[in-house]
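Me: I have a structure I have not seen before. Can you walk me through it?

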Amino acid sequence: MASVSWLLLALGANPVAAPAAAQAPADPKVAVATVLDDWHRAAAVANEPRYFSFFTPDAVFMGTDGEERWTVDQFRAWSKPYFSKGKAWSFKSVSRNVFFSKDGQVAWFDEALDTPNLGPARGSGVLVKDAAGWKIAQYNLSVPIPNDLMGEVTNRIATYSKAKAATPPAPASKPAPKP
């Protein structure tokens, strides 16, 4: 029993190093990939605080719709119902290219994504390095369209845009009376 007590005392006095995933990797490409992979995992498990902790305060998220250019606060408000249901989205990087500024403080990347709801997709963006590590300053999600389908897709978008423009806007609701 005394040897177990000494072992526990020794472990308490010499804490075990943090797991490798929690430590910043020495290779900057691995560090950026680790951030992006953990960011994607946070969405897959609907961990909203962790997911949004990866953004810079002034970050921008651009979605697949041409009108989706969101600040972090706007994107968080839009995505809240998904995170609240316990199921956000699942993006898995299939391949990724990462590049760095000469001073090593800015990284940009593109990645091919496997997604259950969008099919093949693409993400690209910019990360900046601060005292805490790499943060996402911009992310752009897109769905690649094969060139052979481009004419059909652009025609459908034009038809959709014309129909949308011809639809009168819904009447504005009256503001609630002040108490």
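Me: What should I know before we start?
Reply: This is a predicted model: local features need pLDDT of at least 70, side-chain atom pairs count only at pLDDT 80 or more, and totals for chains, interfaces and linings use all residues. Residues are numbered from 1 along each chain as its sequence is written, and side-chain values use heavy atoms, with hydrogens and water left out.

Me: How many helices and strands does the protein have?
Reply: The protein has 5 helices and 6 strands. Both are DSSP runs numbered from the N terminus: helices are H or I with at least four residues, strands are E with at least two.

Me: In what pattern, read along the sequence?
Reply: The pattern is α-α-α-β-β-α-β-β-β-β-α.

Me: Now the strands. How do β5 and β6 pair?
Reply: Strand β5 (residues 119-130) and β6 pair in the antiparallel sense, over 9 bridges. Pairing here requires that DSSP finds at least two bridges between the strands. One of the bridges puts Lys129 with Trp134 in β6. A hairpin of 2 residues joins β5 to β6.

Me: Which way does β1 run against β6?
Reply: Parallel. Strand β1 (residues 55-62) is joined to strand β6 (residues 133-142) by 4 bridges. Phe61 stands opposite Tyr139 in β6.

Me: What about β3 and β4?
Reply: β3 and β4 run antiparallel, joined by 8 bridges. Ser95 has Ala112 in β4 as its bridge partner. The two strands form a hairpin with 5 residues between them. Gly104, in that turn, has a positive phi of about 75 degrees.

Me: Let's go inside. How many residues are in the largest nonpolar core?
Reply: The largest nonpolar core has 31 residues. Such a core is a set of buried Ala, Val, Leu, Ile, Met, Phe, Trp, Tyr and Cys residues joined through side-chain atoms within 4.5 Å. Buried means under 20% relative accessible area, exposed means over 50%, and partly exposed is in between (1.4 Å probe, protein chains only).

Me: Which residues have the most contacts inside that core?
Reply: Trp39, Tyr51, Phe55, Phe61 and Leu127.

Me: Which elements supply at least two residues each?
Reply: α2 (28-44), α3 (48-53), β1, α4, β4 (106-115), β5 and β6 each do. α2 gives the most to this core, with 7 residues.

Me: Why is the pair of Trp70 and Trp78 stacked?
Reply: Their ring centres are 5.0 Å apart and their planes are at 25 degrees, so the pair is stacked. Trp70 counts as buried at 14% relative accessibility. Trp78 is partly exposed, at 37%.

Me: And why is Trp78 with Trp89 tilted?
Reply: The centres are 6.2 Å apart and the planes are at 40 degrees, so the pair is tilted. Trp78 sits in helix α4 (residues 72-84) and Trp89 in the loop between α4 and β3 (92-100), 11 residues apart. Trp89 is buried, with a relative accessible area of 12%.

Me: Switching to loops. Where is Ala46?
Reply: Ala46 is in the loop between α2 and α3. Ala46 has a positive phi of about 55 degrees, although it is not a glycine. Its relative accessible area is 14%, so Ala46 is buried.

Me: Gly66: buried or exposed?
Reply: Exposed, with a relative accessible area of 82%. Gly66 is in the loop between β1 and β2 (69-71). Gly66 and Ser142 are 76 residues apart in sequence and 9.9 Å apart in space, C-alpha to C-alpha.

Me: Last one. Why does α5 lie largely in the open?
Reply: Of the 20 residues of α5, the number buried is 0, so α5 lies largely in the open.

Key
Rings of Phe, Tyr and Trp (its six-membered ring) pair if their centres lie within 6.5 Å; planes under 30 degrees apart count as stacked, over 60 as edge-to-face and the rest as tilted.
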